[in-house]
Amino acid sequence: MAENYLHSARLSYRPMEVSDAESAYGQWMNTPELLAAMGTNPMPKSITAMREYLLHELTNPNIAFFAIRALNKEPIGCLKLTIDWIHRHAWMSLFIGNIADRGHGLGTEAIGYLSDYAFGTLNLHKLSAGILASNLISQRAFEKAGFKEENLRTAQCWVEHHWEDQIIMTRFAP
């Protein structure tokens with residue numbers, strides 16, 4: 001397993017690995033409430049399917065995928081950057097998997113720290129995130145990390161038997 005090589009005040013970050021399919025990540029990706037909040041495919045996923053997904057993502061040079069851990073080494077979530085190197089832009093997605101870890105500013109800390117990493121180390125110009133309009137917790141976390149609402153995509157995502165709007169939030173490099 002890769003060592004944690006980035007650290008913020010309360011969190012550490014390491015590259016995701018295929019073996020994460022068999023850890024907390026695998027459990028989270030089969031949690032209906034979490035998948036609904038992300039607007040993601042609600043179908044159950046086998047460990048084999050998750051390993052194949054992670055292998056695909058981790059071998060893509062346009063993706064930076066981080067496992068997020070509390071300093072006590074417990075996994076709390078993941079953050080992914082899908083990067084357009086030509087235009088120096090990336091889409092950011094994040095989830096905090098454990099319900100007990102939500103509402104303590106950990107998502108905001110991860111978004112802020114890895115935004116600074118994207119702007120400083122990766123030399124990106126702009127970050128964007130697509131957030132369901134009903135996901136007020138994520139909206140607040142991104143706002144606290146310096147993101148602003150840029151656009152509203154009306155009826156963009158089919159979630160739990162109804163259409164949901166998606167808010168596009170962005171942050172530019174300083």
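Select His161 to begin: this residue is exposed, with a relative accessible area of 73% (buried means under 20% relative accessible area, exposed over 50%, partly exposed in between, with a 1.4 Å probe and protein chains only). His161 lies in the loop between E7 and E8, and its phi is positive, about 75°, although it is not a glycine. Most residues other than glycine have a negative phi. Helices (H or I, at least four residues) and strands (E, at least two) are DSSP runs, numbered from the N terminus.

The model is predicted: local features need pLDDT of at least 70, side-chain atom pairs count only at pLDDT 80 or more, and totals for chains, interfaces and linings use all residues. Residues are numbered from 1 along each chain as its sequence is written, and side-chain values use heavy atoms, with hydrogens and water left out.

Select Ala155 next, in strand E7. Ala155 also has a positive phi, near 50°, in a residue other than glycine, and it is partly exposed, with a relative accessible area of 37%.

Now display the whole sheet. It is open, has 8 strands in the order E1-E2-E3-E4-E5-E6-E8-E7, and its pairing is mixed; two strands pair if DSSP finds at least two bridges between them. Strand E1 (6–7) and strand E7 (148–159) stand at the edges with a single partner strand each, so one side of each lacks a neighbour in the sheet. E1 pairs with strand E2 (residues 11–15) in the antiparallel sense over 2 bridges. Within E2, Ser12 is the bridge partner of His7.

Move to helix H5 (residues 136–144), which packs on the sheet and touches strand E5 (89–96), strand E6 (126–132) and strand E8 (162–172); contact means heavy atoms within 4.5 Å. The direction of H5 makes about 160° with that of E6; axes are lines fitted to C-alpha atoms, for helices over the stretch in contact, and angles run from 0 to 180 degrees between N-to-C directions.

Which residues of H5 are buried? They are Gln139, Ala141 and Phe142. What covers them includes E5, helix H4 (106–120), E6 and E8. On the face of H5 turned away from its buried side, select the exposed residues Ile137 and Lys144. Just after H5, Gly146 takes a positive phi of about 95°.

Finish at helix H3 (residues 47–58), which lies across strand E3 (63–70) and strand E4 (75–84) and runs at about 120° to E3. Glu52 lies in H3 and is exposed, with a relative accessible area of 54%.
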